[in-house]
Amino acid sequence: MVKHYLKSVRISNLILLGVLFWGIMYQTYHNEFSFCKDHLLLFLAIISTTASGYLINNYYDTRSDAINGKSLFKLNSNYLIKGYFFHFILSFVFLVISNLNGGWFIFNLFLHVLLLLYSLKLQHLPILGNLIVAILCAMVILIPMRLSNQYFNFLNFNLEENSAILYAVFCFIITLKREVIKDIEDYKGDKTIGSHTLPIILGITFTKVYIYLLIIAELLYMFLCIQETIYELSFTLFYLIQFCIIIYISYKIYSNSKYEEFKASSMLVKLQFLLAGIALYVL
């Protein structure tokens, strides 16, 4: 049961979120961990909210996931809905026992509403559903800046001086790219239940072109960062690794012809995320 539960909350994604969150926290506080109870409680609230989002998404996607062969865990609808409400309440419990101000309660409630709307309707719409997930990812990346009372000013493209905002934009593009790839992967099930994702509306070929446009934007963004970032071996290796992964992902997308083949491309994007997160601790 524990194994099935961990799959239902997508534990690998939660771990990746933790790597990114604490990596940005590490960068924001000038390569020192400002670890306090309130920071930990806020992080646990975010993790609980994210887990609730995955559970409610699983609840509404039971039929399409079964068609797409994604029913890897055998949890009934009753278990999923109970798990959703448990994590919903738990996310606010963490905030109640903290000393954080009421703004975080409103923010957390906003996240819950957005995740619920995404599962109910937004995920079935072209582009909009993908944008929602990408925006949520970027927002989580920016939370450490808010905790440190820093303003969200875009100073420059220097990764050493402006890591939080630059990473937020970078993660936005990567997440948007991955969500579109997942839409292709889920084409069969989504079409059966009447979704209107980009691959269903405009076809796989056009969706590939759209992904390549995102990749071009990603490369141009990296080029701007490379130009303004101080030359050091660690930064050079970071950009080189990211560039190699992006090129390989591009090749895989070009060579993919069956829906199920896009799963490998989706996993490569997640690996790109992980390596970018790890880099935060060494840059």
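User: How do helices α11 and α12 pack, and at what angle?

Analyst: Helices here are DSSP runs (H or I, at least four residues) numbered from the N terminus. Axes are lines fitted to C-alpha atoms over the stretch in contact, and angles run from 0 to 180 degrees between N-to-C directions. In this model, helix α11 (residues 204-228) packs on helix α12 (residues 233-255) at an angle of about 170°, the axes being 11 Å apart. That makes α11 roughly antiparallel to α12, a label used for angles over 145 degrees.

The model is predicted, so local features need pLDDT of at least 70 and side-chain atom pairs pLDDT 80 or more, while totals for chains, interfaces and linings use all residues. Numbering starts from 1 along each chain as its sequence is written, and side-chain values use heavy atoms, without hydrogens and water.

User: Which residues of α11 and α12 meet?

Analyst: Contact means heavy atoms within 4.5 Å. From α11, the residues include Y212, I215, L219 and M222; from α12, they include Y239, F243, I246 and Y254. The residues of this contact divide into 12 nonpolar, two polar and two charged. For these classes, Ala, Val, Leu, Ile, Met, Phe, Trp, Tyr, Cys and Pro count as nonpolar, Asp, Glu, Lys and Arg as charged, and the others, Gly among them, as polar.

User: How many salt bridges does the structure hold?

Analyst: Look for a side-chain nitrogen of Lys or Arg within 4 Å of a carboxyl oxygen of Asp or Glu. The structure holds two such salt bridges. One of them joins K177 and E218, with the closest N and O atoms 2.9 Å apart. K177 lies in helix α8 and E218 in helix α11, so the pair ties together parts 41 residues apart in sequence.

User: What volume does the largest cavity have, and what lines it?

Analyst: On a 1 Å grid over the protein atoms alone, a cavity is a set of points where a 1.4 Å probe fits but cannot get out; lining residues have an atom within 4 Å of a point. Grid points are joined across faces, edges and corners, and the volume is the space filled by probe spheres set on the points. The largest cavity has a volume of about 60 Å³. Its lining includes L159, F170, Y221 and F238, and by class has nine nonpolar, no polar and no charged residues. Helices α8 (163-185), α11 and α12 each supply at least two of the lining residues.

User: Which helix gives the most to the lining of the second largest cavity?

Analyst: That is α6, with four residues. The second largest cavity holds about 40 Å³ of space, and W104 and N108 are among its lining residues.

Methods: Angles under 35 degrees count as roughly parallel, over 145 as roughly antiparallel, 65 to 115 as roughly perpendicular and the rest as oblique. On a 1 Å grid over the protein atoms alone, a cavity is a set of points where a 1.4 Å probe fits but cannot get out, and a pocket is an open set with protein on both sides within 12 Å along at least five of seven lines; lining residues have an atom within 4 Å of a point.
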